[in-house]
Amino acid sequence: MPALVRSLQSTFGQPITSLSGVGPKIAEKLAARGLSTLQDLWLQLPLRYQDRTWLTPIAQLRPGVAAQVEGTIEAVERGFRYRPVLRVAIGDDACGTLVLRFFHFRPAQVGQFTPGARIRVYGTPRPGQQGLEIVHPDYKLIGAAGQAPLADTLEPVYPAIEGVPAAILRKLIAQALDRLPDQATLELLPEHLLRALQLPTLREALLTMHRPVRDADVAALAAGTHPAQRRLALEELLAHHLSLRRQRIALQQHGAHALAGPGTLVAQLLQALPFQLTGAQQKVFAQIRADLARPRPMLRLVQGDVGSGKTVVAALAAMLAVEAGKQVALAAPTELLAEQHLATLRGWLEPLGVRVAWLAGKVTGKARARVLEEVACGHAQVVVGTHALMQESVAFHDLALVIVDEQHRFGVHQRLALRDKGRAEPQAPSGRAMDGERPCTTEGLARDASTSAPSAMEGERPCTTEGLAGGASTSAPSAMDGERPCPTEGLAGGASTSAPGAMEGERQSAGDGDQASVRRLFPHQLVMTATPIPRTLAMAAYADLDVSAIDELPPGRTPVQTIALSAERRPELIERIRAACAEGRQVYWVCTLIEEAEDDPKAAPATRGGPAMRIEAQAAQTTFEQLTQALPQARVALVHGRMKPAEKQAVMRAFKDGQADLLVATTVIEVGVDVPNASLMVVENAERLGLAQLHQLRGRVGRGAAASSCVLLYQGPLSALARQRLDTMRQTNDGFVIAEKDLELRGPGELLGTRQTGLAAFRVADLARDADLLPQVHALADTLLASSPALAERISERWTGGAARYASA
């Protein structure tokens, strides 16, 4: 068996340069597309096929239907009316005539076309001035005898690679297929599974995909349902699933702070909340609490519909970390959403004595320095912020829990950077602070945290600069169990092993006093999304996460009625808004991109954010002026992405406080805005938005007891896809149903944002189409990981390589 494995891997790993016709330049072009071995070429599958296995009489050609014909060159004409053009007329034995038209050609090419020569042509005919014509066809001169044999397989069309002609790529793949190992050597999946699913072996599937026979089921190949494609999709899904599962197993080899306290702060927060948790919230928090109590990193995704109450569940999880004397970081993708979380958490947590800090791009100068100092010494127990949290200048004292909201909006490297801020590193030699820690001084802190203050609130950690021995102040007998003073110069090893709050195994002396070692501790990770993920997508794309769903809305929420209106009925809508404002209710009017303005050459150059944001802001400004004029009695406000953050927040605060009746906004209000009195949402140019974004916007209303409505204002005529989206929005308020429909309409790649998340793009598999394979994939993955981890690694490596290494960030 070892010899067989070595033989297989040596065949798989043979470089492309071993093929005839691959020089350094071609190899470089192929390598840029990830093609460097024979195995890469085997898995470079065709996009479509051309049927060149038979000839069609010219008289039977149909416009728009690709076909292959053979005939004799009857006339050649070269013209220069508007640009160089070459026309070649051919005829066949049935007296049919076809014109071949070339706009790009070489003089030597013209000489090839001589009257009387036989030519075989493949292309798509279209009506021309003198009957049917084919523009730039594939052709081959076959001599006067015309006895060239026809192909016996369909011709594959591969994805284009810059600098590599299609004919050369086709020849290279054909050479690689000639070196395909035999069935027994190549196959990795159990034979009984393939028999049960009635699927071919890998060798058979690859040859079918690259060289389908002339009577192959072309319709099934085009639809992706051919048994050969199903076989490849099964192994690709398995490889992807295994790579994620292996990442999870590797992550859980590391340690984490076991946050298994009695839950005193949790109980206090629950008692202080003005509402009761729903059953779904209680269930999800119980799952999170069980994860946090284990000494290995939690990696859990909490998905919940708009308004389902994910934030309070995250706050309860944060209290478990704070109670253990640790820090929590909560990152949100926009300042608007982050500030919403900040206001909410401060309102809930600061009465309990928990210090909530704020760190975003607009926090600068001395204020930023103070926050960084508090974060570094641990005085800031919960830190809320944006991408600023991931910057190198931000150093946490003891980060144990990372919460990421709307996680799909963050780049993968950003999430890794935040996670790594909680990873324990080896300590410095005695007498020096640990690398990355900063001494914390009491001067300049936003709140006095001196140990001499007898009334320090419960849950705060004292920060001192004097009298520390071995990392703990002898003058603070009332320090909470598990508290840690901030490190200062002169601490021995950074923390005394006799400190009662030190976690077992967390820090250990190296014995000689000059070096110390620590377990590699990662923070727990809780990621949240208000865009529910379809079950099939979660099963395939998030195999490295535990997934929880808050699938119950808080009581008192009224379903939002959704209607679609043509833009021609805009005056009726304005009257409806007038009535709503007169009744004391508030209204959103959301402006999306205006198509007519996109190509405006007079538009001012974009500043901050780019053309889309500029056009969107212009649209909002115009709508604001129109509505202000049409509704003189209403207080109309405007907010868009190009406003200064302070201006934007002032407008949003005024609207939330009831000082504005109608808010004209861009999609910056998609998340993070909670105004219970707002009961009407208008989305202009709704046909331009996807289902997930429309559902997020609709979630801004229906947050109070009043009956709420969402009007989708569209500009006709609607495309079929846009009509399906609007119909779906009208038919359901269930975010999980909408997510399934979004997967069906957009596909998994766009829904997940694979470019941003780092997830491997599928070559063959389609999660919506191949969802029925997932149970077999999961069962087989469990078996392989338990009994054949080496085989699991080979399957994963065959399809994904290193492409999915960031997927668990």
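Predicted model: local features only at pLDDT ≥ 70, side-chain atom pairs only at ≥ 80, totals over all residues.
Colleague: What is the mean pLDDT of the chain?

Modeller: Of the residues in the chain, 76% reach a pLDDT of 70 or more. For the chain, the mean pLDDT is 78.

Colleague: How many helices and strands does the chain have?

Modeller: The chain holds 809 residues, of which 52% count as buried. Among contacts with a separation of 6 or more, 76% join residues 24 or more positions apart. The secondary structure comes to 27 helices and 26 strands.

Colleague: Which strands stand at the edges of the open sheet of six strands?

Modeller: The order in this sheet is β21-β26-β25-β22-β24-β23, with parallel pairing. Neighbouring strands are turned by 20° against each other on average, direction ignored. An edge strand has a single partner, so one side of it is left without a neighbour in the sheet. The edge strands are β21 (560-566) and β23 (636-639).

Colleague: Which residue of β25 stands opposite Val590?

Modeller: Strand β22 (residues 586-590) pairs with β25 in the parallel sense, over five bridges. The residue of β25 opposite Val590 is Val683.

Colleague: At what angle does helix α18 run to β22?

Modeller: Helix α18 (residues 570-582) lies across β21, β22, β24 (662-665), β25 and β26 (708-714). Helix α22 (residues 720-731) lies across β21 and β26, and runs at about 150° to β21. For α18 against β22, the angle is about 150°.

Colleague: Is Glu684 buried or exposed?

Modeller: Glu684 is placed in strand β25 (residues 678-684). Its relative accessible area is 11%. Because buried means under 20%, Glu684 counts as buried.

Colleague: With which side chain does the side chain of Glu684 make a polar contact?

Modeller: Leaving aside neighbours within four places in sequence, Glu684 is in contact with Arg570, Trp589, Val590, Cys591, Thr592, Thr623 and Leu713. The polar contact between side chains has a distance of 2.9 Å, and the partner of Glu684 in it is Trp589.

Colleague: Which are the edge strands of the open sheet of seven strands?

Modeller: This sheet has the order β12-β13-β11-β14-β19-β10-β20, with parallel pairing. Its twist averages 20° from one strand to the next. The strands that pair on one side only are β12 (356-359) and β20 (546-550).

Colleague: What is the bridge partner of Val402 in β19?

Modeller: Strand β14 (residues 399-405) and strand β19 (residues 524-529) pair in the parallel sense over five bridges. Within β19, Val402 has as its bridge partner Gln525.

Colleague: What angle does the direction of α12 make with that of β20?

Modeller: Helix α12 packs on the sheet and touches β10 (299-304), β14, β19 and β20. Helix α14 (residues 335-349) lies across β11 (327-331), β12, β13 (382-385) and β14, at about 165° to β12. The angle between α12 and β20 is about 155°.

Colleague: Which residue provides the backbone oxygen that lies 2.7 Å from a polar atom of the side chain of Arg203?

Modeller: Arg203 is placed in helix α8 (residues 202-210), and is partly exposed, with a relative accessible area of 26%. Beyond four places in sequence, Arg203 is in contact with Leu180, Pro181, Asp182, Gln183 and Leu186. The backbone oxygen at 2.7 Å belongs to Pro181.

Colleague: What distance separates the C-alpha atoms of Glu77 and Ala89?

Modeller: Glu77 is found in strand β2 (residues 67-79) and counts as partly exposed, at 42% relative accessibility. Not counting residues up to four places away in sequence, Glu77 touches Val85, Leu86 and Arg87. Glu77 and Ala89 are twelve residues apart along the chain, and their C-alpha atoms are separated by 8.5 Å.

Terms used: Residues numbered from 1 in each chain as written. Heavy atoms only, no water. Helix = DSSP H or I, 4+ residues; strand = E, 2+ residues; numbered from the N terminus. Buried < 20%, exposed > 50% of the residue type's maximum accessible area, 1.4 Å probe, protein only. Polar contact = N/O pair within 3.5 Å; in protein donor to acceptor, adjacent residues only side chain to side chain. Contact = heavy atoms within 4.5 Å. pLDDT = per-residue confidence, 0-100. Pairing = 2+ DSSP bridges. Axes fitted to C-alpha atoms, helices over the stretch in contact; angles between N-to-C directions.
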